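Q: Here is one protein model. I would like a close look at a single part of it.

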Amino acid sequence: MDPEPALDLGYGTGTAHRPMTAVGGDLHLVGQMAAKAAVATVLERKGHSDQKLPGEHAIFGLRPTLGWAPPFDLDRNGDIRWLPHSPPRPGCPTCEEP
């Protein structure tokens, strides 16, 4: 049984909105990033402005590949590139207003 086959895409495949997914060995990195973002968000709301996340969108290098176009041109595993908020794109399943 595979209830969401579109979420299990290989590296470098998929669409612009879901270019790849994490594999088992990467899940600890994804979990650490999610925990750090959650703690920073809570601390920022409690008045600790130094804990503000540097952007709205993060590109997280799980398995960087040389030669990829910016902003996906990360050099090392675990690198993070923060991007500012951008307006919703028509047809985007993640950012378009319902």
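Among contacts between residues at least 6 apart in sequence, what share joins residues at least 24 apart? Then take me through the loop between E1 and E2, where leucine 74 is found.

A: The share is 38%. Contact here means heavy atoms within 4.5 Å. This is a predicted model: local features need pLDDT of at least 70, side-chain atom pairs count only at pLDDT 80 or more, and totals for chains, interfaces and linings use all residues. Residues are numbered from 1 along each chain as its sequence is written, and side-chain values use heavy atoms, with hydrogens and water left out.

First, the setting. The protein chain has one helix and two strands, in the order α-β-β from the N terminus. Helices (H or I, at least four residues) and strands (E, at least two) are DSSP runs, numbered from the N terminus. Of the 98 residues, 11% count as buried. Buried means under 20% relative accessible area, exposed over 50%, and partly exposed in between (1.4 Å probe, protein chains only).

Now the loop. Strand E1 covers 57-60 and strand E2 covers 80-83; proline 71 lies in the loop between them. A cis peptide bond joins proline 70 and proline 71, with omega at about 5 degrees. Most peptide bonds are trans.

Leucine 74 is in this loop too. Its relative accessible area is 8%, so leucine 74 is buried. Leaving aside neighbours within four places in sequence, leucine 74 contacts Ile59, Phe60, Gly61, Pro64, Asp79 and Arg81. Isoleucine 59 is 15 residues away in sequence, yet its C-alpha is 8.6 Å from that of leucine 74.

Aspartate 79 is another residue of the loop. Aspartate 79 counts as buried because its relative accessible area is 18%. Not counting residues up to four places away, aspartate 79 touches Ile59, Phe60, Gly61 and Leu74. The aspartate 79 side chain also reaches the backbone nitrogen of arginine 76, at 3.0 Å.

Finally, the charges. Side chains of opposite charge can pair when their charged atoms come close. The structure holds two salt bridges. A salt bridge is a side-chain nitrogen of Lys or Arg within 4 Å of a carboxyl oxygen of Asp or Glu. One joins arginine 76 to aspartate 79, with the closest N and O atoms 3.5 Å apart. Arginine 76 is exposed at 57% relative accessible area, while aspartate 79 is buried at 18%. Another joins arginine 81 and aspartate 73, at 2.5 Å from N to O. Arginine 81 is partly exposed, at 28%. Aspartate 73 is partly exposed, at 28%.

Definitions and conventions. A polar contact is a pair of N or O atoms within 3.5 Å; within protein, one must be able to donate a hydrogen and the other to accept it, and residues adjacent in sequence count only if both atoms are side-chain atoms.
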